[in-house]
Amino acid sequence: MDYSAIFTYMYTEIALVAVIVAALLYDLMAGKRGRKAFHGVMCTLMVLFIAGTVVPYHRETASIFGGMYVYTPVYGIVKSILAAGTLLVFLQADSWLKKEDTEFKRGEFYVLTLSTLLGMDFMISAGHFMMFFIGLELASVPMACLVAFDKYKHNSAEAGAKYILSALFASGLMLFGISFLYGTTGTLYFDDMISGIDGSALQIMALVFFFTGLGFKISLVPFHLWTADTYEGAPTAVTSYLSVISKAAAAFTLMVVLTKVFAPVAEYWQTLLYIVIVLSITVANLFAIRQKNLKRFLAFSSISQAGYIMLAVISGTPYGMTSLIFYVLVYMVANLAAFGVISTVEQNTGGKVGMDDYNGLYRTNPKLAVIMTLALFSLAGIPPFAGFFSKFFIFAAAFEEGFHVLVLIALLNTIISLYYYLLVVKAMFITPNDSPIPTFRSDSSTRLSLLLCLAGILALGIASSVFDGINLYTFGM
């Protein structure tokens with residue numbers, strides 16, 4: 001075995017394992033005084049990790065372990081984006097982790113979160129279904145622990161139970177579908193399997209089962225029923241991680257597998273995606289209007305956003321993949337900004353997350369109200385914010401492949417989404433409130449994370465040429 005190739009192309013995973021081991025050792029060996037610095041140590045390690053992996057070292061494509069692990073520059077970029085999002089979640093989680101009932105579990109939170117990130121990295125680089133499934137489970141099982149992290153709170157325990165049961169059922173269906181693929185093609189390697197895909201009934205069933213498993217991870221309709229309850233019951237920091245990082249990794253992996261393995265039956269999975277996109281965007285938008293709890297509100301918003309992400313997947317082109325990466329980057333900063341505001345309000349008000357609680361927020365906490373507004377405007381796709389350009393690129397990718405009606409339906413749904421996002425803005429700026437949320441000062445970590453998210457929302461809108469940079473670097477187009 002060429003060990004130099006392992007260190008050359010698996011540097012992201014190796015570095016992440018080193019961070020996990022460092023977190024474990026620090027949690028075991030640090031004294032009471034050392035634990036107070038745990039947050040700073042972890043954020044420093046994550047910054048060093050991201051700095052070492054933000055730009056892939058190699059432009060060529062390579063594979064190791066007999067083709068089970070695949071490296072390409074685009075995979076490296078996606079992993080760096082996910083790591084950056086994880087750092088933002090760590091910054092926003094600091095005030096929650098300082099509470100009396102969670103402070104002693106700080107190390108567990110970091111290790112579990114980084115373990116899910118490691119699983120997602122293996123999912124992304126998988127060239128073999130066994131490697132893919134191991135990565136999926138490594139990402140899913142610790143996630144269930146994170147959802148139920150506040151185990152003494154009824155909502156968190158219920159959310160964890162719903163998540164793990166749904167995840168087990170989805171994984172079982174996916175594994176059943178993968179067994180059909182193995183039975184009909186005689187291999188589990190992505191590159192070898194494509195030659196055996198002939199569109200038989202068993203393979204189409206395998207496609208549906210596989211899509212069901214990842215559709216659950218992405219929260220696509222009709223696999224979304226767990227989402228609102230889980231998002232509401234889980235700790236807000238975990239909810240933000242689940243809504244952005246987990247969703248992004250699953251969406252990218254879905255596109256890779258569909259275009260690599262199921263390319264000969266593209267007409268089938270494009271038809272399946274067409275139906276799911278329409279249902280996800282429309283159903284989620286209609287249900288979001290009815291929500292009064294902001295975490296449930298953002299849950300349905302994330303389902304709708306997942307439908308938009310699938311517009312990039314359905315194109316099945318390099319341009320569509322670049323659009324997906326850029327959309328995920330923009331969605332990450334906007335959604336984490338919104339969850340960051342919700343988290344800091346929740347931690348400083350004793351758990352207020354209702355939309356009515358935000359009435360008159362601008363009077364007492366104008367900065368938070370402005371950040372929330374800009375984040376929602378970006379999610380809605382209002383120019384000149386970054387969300388407008390990300391939606392434009394995915395619409396263009398789908399339109400170029402002939403999905404004109406689908407793009408029109410998505411455009412019409414943006415009007416509905418603008419309406420319910422403006423409901424929150426109206427509550428903060430216009431709706432009167434005799435006893436609004438009192439003025440408070442956020443902790444320094446939360447302020448830094450919100451500042452970084454705000455910079456991303458504004459900068460990625462102004463400098464949307466980042467899209468061209470990703471396209472040029474990864475595909476030479």
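In this predicted model, F38, H39, M42 and M46 of helix 4 come into contact with R106, G107, Y110 and L114 of helix 6. Sorted by class, the residues of this contact comprise five nonpolar, two polar and one charged. The two helices span residues 38-53 (helix 4) and 106-125 (helix 6), and they pack at an angle of about 20 degrees with their axes 11 Å apart. Because angles under 35 degrees count as roughly parallel, helix 4 is roughly parallel to helix 6. The crossing by which helix 4 passes helix 6 is right-handed.

Helix 13 (residues 266-289) and helix 14 (residues 294-315) have axes that come within 8 Å and cross at roughly 155 degrees. Angles over 145 degrees count as roughly antiparallel, and helix 13 and helix 14 are therefore described as roughly antiparallel to each other. Their crossing is left-handed. On the helix 13 side, the contact is made by W269, Q270, L273, Y274, I277, S280, I281, A284, N285, F287 and A288. Helix 14 contributes F297, F300, I303, S304, G307, Y308, M310, L311, V313, I314 and S315. By class, this contact of helix 13 with helix 14 holds 16 nonpolar and six polar residues, with no charged residues.

Turning to the cysteines, a search of the whole structure returned zero disulfides. C453 is accordingly in no disulfide, and the nearest cysteine sulfur, which belongs to C43, is 13 Å away. For a pair to count as a disulfide, the two sulfur atoms would have to lie within 2.5 Å. C453 has a relative accessibility of 0% and so counts as buried, the cut-off for that class being under 20%. C145, by contrast, has a relative accessibility of 40% and therefore counts as partly exposed.

T72 sits in the loop between strand 2 (69-71) and helix 5 (73-97). With a relative accessible area of 11%, T72 is buried, because this value falls under the 20% cut-off. T72 and V19 are 53 residues apart along the chain, and their C-alpha atoms are separated by 23 Å.

Terms used
Residues are numbered from 1 along each chain as its sequence is written. This is a predicted model: local features need pLDDT of at least 70, side-chain atom pairs count only at pLDDT 80 or more; totals for chains, interfaces and linings use all residues. Side-chain values use heavy atoms; hydrogens and water are left out. Buried means under 20% relative accessible area, exposed over 50%, partly exposed in between (1.4 Å probe, protein chains only). Axes are lines fitted to C-alpha atoms, for helices over the stretch in contact, and angles run from 0 to 180 degrees between N-to-C directions. Helices (H or I, at least four residues) and strands (E, at least two) are DSSP runs, numbered from the N terminus. Angles under 35 degrees count as roughly parallel, over 145 as roughly antiparallel, 65 to 115 as roughly perpendicular and the rest as oblique. A crossing is left-handed if the near helix is turned anticlockwise from the far one by less than a right angle, and right-handed if clockwise. Contact means heavy atoms within 4.5 Å. Ala, Val, Leu, Ile, Met, Phe, Trp, Tyr, Cys and Pro count as nonpolar, Asp, Glu, Lys and Arg as charged, and the others, Gly among them, as polar.
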